[in-house]
Amino acid sequence: MRLRFAGCVFDSDTREVRRGAARVELSPKAFELLELLIESRPRVLPKQEIHERLWPGVFVSDASLSNLVAELRAALKDDAHEPSIVRTVHRFGYGFVARTDPDSVPIPKLVPPVLHKLLWESREVELSAGETVFGRDRSVVWIDDPSVSRRHARIRVEGDRATIRDLGSKNGTMVNGAPVDGDRALDDGDEIQIGRAKMTFHVLTQTGSTQTASSLHRQAKRKPRSRS
């Protein structure tokens with residue numbers, strides 16, 4: 001789904017909101033809230049329903065939702081006293097009130113030449129441009145392990161370069177068995193350990209059939225088999 005509202009373009013496929021060529025910076029939860037409100041328009045959603053959709057099976061206070069709405073309004077430049085995008089119905093919930101139009105103009109994109117991913121047990125975490133934080137706090141990429149701090153480490157992706165930094169965690173962050181001190185560049189195949197959680201960093205090229213850079217390198221070095 002892609003549509004225009006209040007000078008912005010919302011795109012659920014790329015999970016982006018843009019104002020012109022500039023990306024509107026939203027946390028993942030704030031984007032999910034905006035998407036939920038847009039999909040439910042013009043209905044005003046009760047707070048309880050929003051809680052169940054955004055934090056299924058997890059108890060969070062009303063302040064968490066209020067802070068998320070405040071973040072959304074600040075990013076979209078929506079006035080809380082005279083809202084034109086997100087309306088508050090006191091003691092009930094929130095609704096999306098901006099006028100929307102289908103968007104037929106392609107969103108300008110800066111497509112990186114490579115993709116970055118982490119393989120962690122059965123999970124695959126795609127690392128988008130900017131910062132991705134890992135820890136036991138549910139507002140980040142959640143690692144449910146007592147050895148992991150609430151905000152343990154972060155990976156920053158800039159173009160085709162990725163770096164990792166420990167965020168002052170109790171048990172530290174390791175890459176290929178060595179402690180991370182400051183910003184540490186990541187290469188394809190690096191083994192990352194956050195607390196006791198172990199994962200592998202991969203760089204994938206954007207070709208017709210996406211493959212990791214290391215697998216492409218191995219293929220290039222193979223010799224063709226002789227025919228008998």
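Analyst: Below is a description of the sheet, then of the helices on it, then of the nonpolar cores.

This is a predicted model, in which local features need pLDDT of at least 70, side-chain atom pairs count only at pLDDT 80 or more, and totals for chains, interfaces and linings use all residues. Residues are numbered from 1 along each chain as its sequence is written, and side-chain values use heavy atoms, with hydrogens and water left out.

The open sheet has three strands in the order β5-β7-β6, paired antiparallel. Strands are DSSP runs of E with at least two residues, helices are runs of H or I with at least four, and both are numbered from the N terminus; two strands pair if DSSP finds at least two bridges between them. At the edges are β5 (45–46) and β6 (86–89), each pairing on one side only. Two bridges join β5 to β7 (residues 93–96), and leucine 45 stands opposite tyrosine 94 in β7.

Helix α1 (residues 28–40) packs on the sheet and touches β5, β6 and β7, contact meaning heavy atoms within 4.5 Å. The direction of α1 makes about 70° with that of β7; axes are lines fitted to C-alpha atoms, for helices over the stretch in contact, and angles run from 0 to 180 degrees between N-to-C directions. Helix α3 (residues 62–76) also packs on the sheet, touching β6 and β7, at about 150° to the direction of β6.

The largest nonpolar core has 30 residues, and Leu33 is among those that touch the most other members. Such a core is a set of buried Ala, Val, Leu, Ile, Met, Phe, Trp, Tyr and Cys residues joined through side-chain atoms within 4.5 Å, where buried means under 20% relative accessible area (1.4 Å probe, protein chains only). Helix α1 gives the most to this core, with seven residues.

Note on methods: Buried means under 20% relative accessible area, exposed over 50%, partly exposed in between (1.4 Å probe, protein chains only).
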